[in-house]
Amino acid sequence: GKAGFITIPNRICVALSRAKHGLYVIGNFTMITNTSNLWNIICNDVRNRGKLGESLTLQCPNHPNSPVIQAKCGNDFNNCPYGG
């Protein structure tokens with residue numbers, strides 16, 4: 001597969017520099033790291049820091065009694081009706 005514009009170094013720089021509180025990258029990291037040496041370096045760093053996960057934790061901050069959802073696919077977002 002082709003990763004497209006996200007493998008262009010200045011686009012990677014923009015994505016990383018605009019993140020103020022964190023950056024979530026959702027996609028196929030195997031394909032991205034095989035396509036871009038810069039993404040390979042970034043992914044290895046994230047993995048070494050223990051910050052690479054298989055899911056996104058969601059819970060509505062306005063509804064603290066709502067369930068905590070581990071979203072792994074698009075349909076999982078339906079289980080978090082108040083947002084996350």
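Is Arg49 buried or exposed? Arg49 is exposed, because its relative accessible area is 59%; the scale used here sets buried at under 20% relative accessible area, exposed at over 50%, and partly exposed in between, with a 1.4 Å probe and protein chains only.

## Basis of the model

This is a predicted model, in which local features need pLDDT of at least 70 and side-chain atom pairs count only at pLDDT 80 or more, while totals for chains, interfaces and linings use all residues. Residues are numbered from 1 along each chain as its sequence is written, and side-chain values use heavy atoms, with hydrogens and water left out.

## Salt bridge

The count of salt bridges comes to 1, a salt bridge being a side-chain nitrogen of Lys or Arg within 4 Å of a carboxyl oxygen of Asp or Glu. The pair consists of Asp45 and Arg49, whose side chains meet at 2.9 Å, N to O. Asp45 is partly exposed, as its relative accessible area is 36%.

## Nonpolar cores

A nonpolar core is a set of buried Ala, Val, Leu, Ile, Met, Phe, Trp, Tyr and Cys residues joined through side-chain atoms within 4.5 Å. The largest such core has 6 residues, namely Ile12, Phe29, Ile32, Trp39, Ile42 and Cys43. At least two residues of this core come from each of helix H2 (29–35) and helix H3 (37–48); helices are DSSP runs (H or I, at least four residues), numbered from the N terminus. H3 provides the largest share of the core, 3 residues. Another core, of 5 residues, lies apart from it and includes Leu56, Leu58, Ile69 and Cys80.

Contact means heavy atoms within 4.5 Å, and the contacts described here leave aside neighbours within four places in sequence. Ile32 is in contact with Ile6 and Trp39. Phe29, found in helix H2, touches Cys43 and Leu52.

## Cysteines

Cys43 is found in helix H3 and is buried, with a relative accessible area of 1%. Phe29 and Thr33 are its contacts beyond four places in sequence. Cys43 and Val25 stand 18 residues apart in sequence and 10 Å apart in space, C-alpha to C-alpha.

A search of the whole structure finds 0 disulfides, a disulfide being a pair of cysteine sulfur atoms within 2.5 Å. For Cys43, the closest cysteine sulfur is that of Cys13, at 16 Å, and this is too far for a bond. Cys73 counts as partly exposed, at 41% relative accessibility.

## Surface patch

Leu16, Leu23 and Val25 form a nonpolar patch on the surface, and their accessible area together is about 220 Å². Leu16 has its place in helix H1 (residues 9–18) and is partly exposed, with a relative accessible area of 39%.

Terms used
Patches are made of residues with over 30% relative accessible area and no salt bridge: like charges are joined within 9 Å, nonpolar side chains (Val, Leu, Ile, Met, Phe, Trp, Tyr) within 5 Å. Accessible areas come from the Shrake-Rupley method with a 1.4 Å probe; for residues, only the protein chains shown count as cover.
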